[in-house]
Amino acid sequence: MTSITEKTCCRCKEIKPVSDFGICNTSKDKYAYCCKACIKIQSHEWYEKHKEKVLETNKNWRINNPEKSYVAKTKWNAENKDRISEQRKAKKDQYNEQCRKRYAACPEKQKERTRKYIENDPNIIEKTRVRRRNWEAKNPEKVQMKTKNRRARKNENGGHLTAKEWRELLFEADYKCQKCGTENDLTLDHIIPVLLGGRNEKENAQVLCRSCNSSKRIQIIDYRKMSKAALGVKNEIDIQTN
Ligand SMILES: [Zn+2]
Ligand SMILES: [Zn+2]
């Protein structure tokens, strides 16, 4: 059999390398009649046309095969973790944005709704408080970031820090105060204080213990550079002179 390197697609009529075609045993040259791109379009069109039927069939399969369905779903979830968390975050952002808009459009109405909500269940405030306290106890890093973000927003400086970025900062600082080196009671300090217009972002953040943080007051001091100078820059000079 003479092997071919190119083939004309029967659908888009383009000449393409055979690697662009799937394998088909009923075809003379063993390659599919249409190129992969066309097959993709075709199957998408077919899906759109028979969508309801497909969804219905899938649903029935899931009902009839609960165990297999569970295994497949778990496997898919494990393989698409990033995608799922992105989708979840997007959904949450969208919801928060909606709430903000609704509140901004008619704050009185929203306040009225909250008031009714409380009337219906007088214990709701206490319940919410307990739930929030439990959550705060479990997520100290997130609590700290929330406070910082709120303060920055209040001062309209902007910027946003996540709990993950805070953990990165701690890691980069070797879990030590970047001024005195203690490992106790570490807090996030804004190099340019928020009160002076400093943004709440990683570039403007350093790790200081509570006492160093409060003795810094509203001054602009970058202890990161100092600790880097103490540790790293000396080595760089050594390399240059060698
Ligand atoms: Zn084609
Ligand atoms: Zn310190």
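Buried residues make up 11% of the 242 residues in this chain. Buried here means 20 or more other C-beta atoms within 10 Å of the residue's own; exposed means 12 or fewer, and partly exposed is in between, with C-beta atoms placed from the backbone.

A word on the source. This is a predicted model, where local features need pLDDT of at least 70, side-chain atom pairs count only at pLDDT 80 or more, and totals for chains, interfaces and linings use all residues. Residues are numbered from 1 along each chain as its sequence is written, while chains are lettered from A and ligands numbered from 1 in the order in which they are written.

Overall shape next. The C-alpha atoms fill a box of roughly 80 × 75 × 40 Å along the principal axes. The radius of gyration is 30 Å, whereas a compact globule of 242 residues would come out near 18 Å. That radius is taken over C-alpha atoms, and the globule rule is 2.2 Å times the number of residues to the power 0.38.

I count 10 helices and 6 strands. These are DSSP runs, numbered from the N terminus: helices are H or I with at least four residues, strands are E with at least two. Of the contacts with a separation of 6 or more, 43% join residues 24 or more positions apart. A contact means C-beta atoms, placed from the backbone, within 7 Å.

Now the domains. Domain 1 covers 8-21 + 29-79, domain 2 covers 81-138, and domain 3 covers 141-230. The bounds come from an automatic or database domain assignment. Between domain 1 and domain 3, the C-alpha centres lie 51 Å apart.

Two helices to look at. Helix α4 spans residues 81-105 and holds K92. From K92 to D185 is 93 residues in sequence and 32 Å in space, C-alpha to C-alpha.

Helix α6 is residues 124-138; its 15 residues should span 21 Å at 1.5 Å a residue, and its end C-alpha atoms are 21 Å apart, so the two agree. The expected span is 1.5 Å times one less than the number of residues. The number of buried residues in α6 is 0, so this helix lies largely in the open.

Where is the largest nonpolar core? It has 11 residues, among them M145, L161, W166, L186 and C209. Strands β5 (186-190) and β6 (205-209) each supply at least two of its residues. β6 gives the most, with 4. By nonpolar core I mean buried Ala, Val, Leu, Ile, Met, Phe, Trp, Tyr and Cys residues joined through C-beta atoms within 7 Å. In soluble globular proteins, nonpolar side chains tend to be buried together.

Stay with those strands. β5 and β6 run antiparallel, joined by 5 bridges; pairing requires that DSSP finds at least two. L186 has C209 in β6 as its bridge partner. β5 is mostly covered, with 4 of its 5 residues buried. Over at L161, the residues it touches include M145, W166 and A205, leaving out those up to four places away in sequence.

Most residues other than glycine have a negative phi. D174 has a positive one, near 60°. D174 sits in the loop between α8 (163-172) and β5, and is exposed, because 12 other C-beta atoms lie within 10 Å. R217 also has a positive phi, near 50°. R217 lies in the loop between α9 (210-216) and α10 (223-241). With 9 C-beta neighbours inside 10 Å, R217 counts as exposed.

Definitions and conventions. Contact = placed C-beta atoms within 7 Å.
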